[in-house]
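Please read through the chain below with its ligand in view.

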Amino acid sequence: MKDVLRALPSLAGPFPDFDMTTTPADPIELFGVWLQDAINAGIQEPHTMVLSTVDETGQPDARVLILKNLDARGWHFATTGNGPKGGQIEANPNVSLTFYWSPLGRQVRIRGRAFKADDHERDADFLARSAAAKANVFAGRQSQPLSSRQELAETLAAYERVLVETPDRVSLNWALFIVSPHEVEFWQGAKDRRHHRLLYTRENAIWRRGQLWP
Ligand SMILES: Cc1cc2nc3c(=O)[nH]c(=O)nc-3n(C[C@H](O)[C@H](O)[C@H](O)COP(=O)(O)O)c2cc1C
């Protein structure tokens, strides 16, 4: 396996240049530009990210999620409130998000605190979901042991039938979180390994910028 992995190209490029003299004062603005670059480059699922959390015993945990929105408050994601990540965030709201857009050689790392959006925003997000996705939330058993695919199919079909009758029903088990950042790092890979790294750090509501060694 070692030889197979060694033979795989990494950071082969070509990649865009990163002009760090023209970066905006706010990292959320720069993130929006990079996300749009990823969309324009035709990258598949450019809105996927890794959410890292810490559990009640201090052990790290991580999983892929979909970015639901980006605004001045931060990065939004949605999930079941009663699953593992919901409980972990409840106990410790310090989280990180990681994006990687391979064809552009770009990574963004965000560290911050997650807080819940208000009920109105949460319900709007829930109602925009497909019936199948809503049924999963009503079942409310994400990450619990599953005894059989049949149990899954029967349970979800029952909730989907209910949803046909009451399509506007919302689940209080849905949670929409917003990650308010205090550190954001933009990493632009380079074939010659002289990667660009720009770190934004928030101090008393002011963003400071500095470069890092690759
Ligand atoms: C591409 C992709 C997108 C996903 N999007 C979400 C999402 O938006 N919300 C969510 O709760 N789980 C999403 N998942 C599933 C999570 O990775 C994870 O399996 C699930 O949320 C349970 O996590 P937990 O046990 O840590 O709470 C996604 C998985 C993948 C691979």
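**The ligand and its surroundings**

The ligand is surrounded by 15 residues, of which Arg63, Ile66, Thr79, Lys85 and Ser143 are the closest; a residue belongs here if its C-beta atom, placed from the backbone, lies within 6 Å of the molecule. Two or more residues of this shell come from each of β2, β4 (74-80) and α3 (84-91). Helices (H or I, at least four residues) and strands (E, at least two) are DSSP runs, numbered from the N terminus. The largest share, five residues, is given by β2. By class the shell has six nonpolar, five polar and four charged residues, where Ala, Val, Leu, Ile, Met, Phe, Trp, Tyr, Cys and Pro count as nonpolar, Asp, Glu, Lys and Arg as charged, and the others, Gly among them, as polar.

The model is predicted: local features need pLDDT of at least 70, side-chain atom pairs count only at pLDDT 80 or more, and totals for chains, interfaces and linings use all residues. Residues are numbered from 1 along each chain as its sequence is written.

The chain has six helices and nine strands, and its C-alpha trace spans about 55 × 50 × 40 Å along the principal axes. Of its 214 residues, 23% count as buried, that is, with 20 or more other C-beta atoms within 10 Å of their own; exposed means 12 or fewer, partly exposed in between, and C-beta atoms are placed from the backbone. Among contacts with a separation of 6 or more, 63% are between residues 24 or more positions apart; a contact requires C-beta atoms, placed from the backbone, within 7 Å.

Which residues of α2 are buried? They are Pro27, Phe31, Trp34 and Ala38. Seen down the axis of α2, these fall within an arc of 65°, so they line one face of the helix; the arc is that of the directions from the helix axis to the C-beta atoms. An α-helix has 3.6 residues a turn, so residues three or four places apart point the same way. The buried residues of α2 pack against β3 (69-71), β5 (94-101), β6 (106-116), β7 (174-188), β8 (196-203) and β9 (206-211). The face turned away from them carries the exposed Glu29, Val33, Gln36, Ile39 and Asn40. Just after α2, Gly42 takes a positive phi of about 75°.

Strand β1 (residues 48-54) covers one face, with Met49, Leu51 and Thr53, and leaves Thr48, Val50, Ser52 and Val54 on an uncovered one. β1 pairs with β2 (residues 60-66) in the antiparallel sense over seven bridges, pairing being counted when DSSP finds at least two bridges. In this pairing Leu51 stands opposite Arg63, a residue among those closest to the ligand. Five residues lie between the two strands of the hairpin, where Gly58 takes a positive phi near 90°. β1 also runs antiparallel to β5, joined by three bridges, with Ser52 opposite Ser96.

Some backbone sites remain. A cis peptide bond, with omega about 0°, joins Gly13 and Pro14, and Pro14 lies in the loop between α1 (2-7) and α2. Arg193, in the loop between β7 and β8, has a positive phi near 70°. Arg193 counts as exposed because it has 8 C-beta neighbours inside 10 Å.

Key
Two residues are in contact if their C-beta atoms, placed from the backbone, lie within 7 Å.
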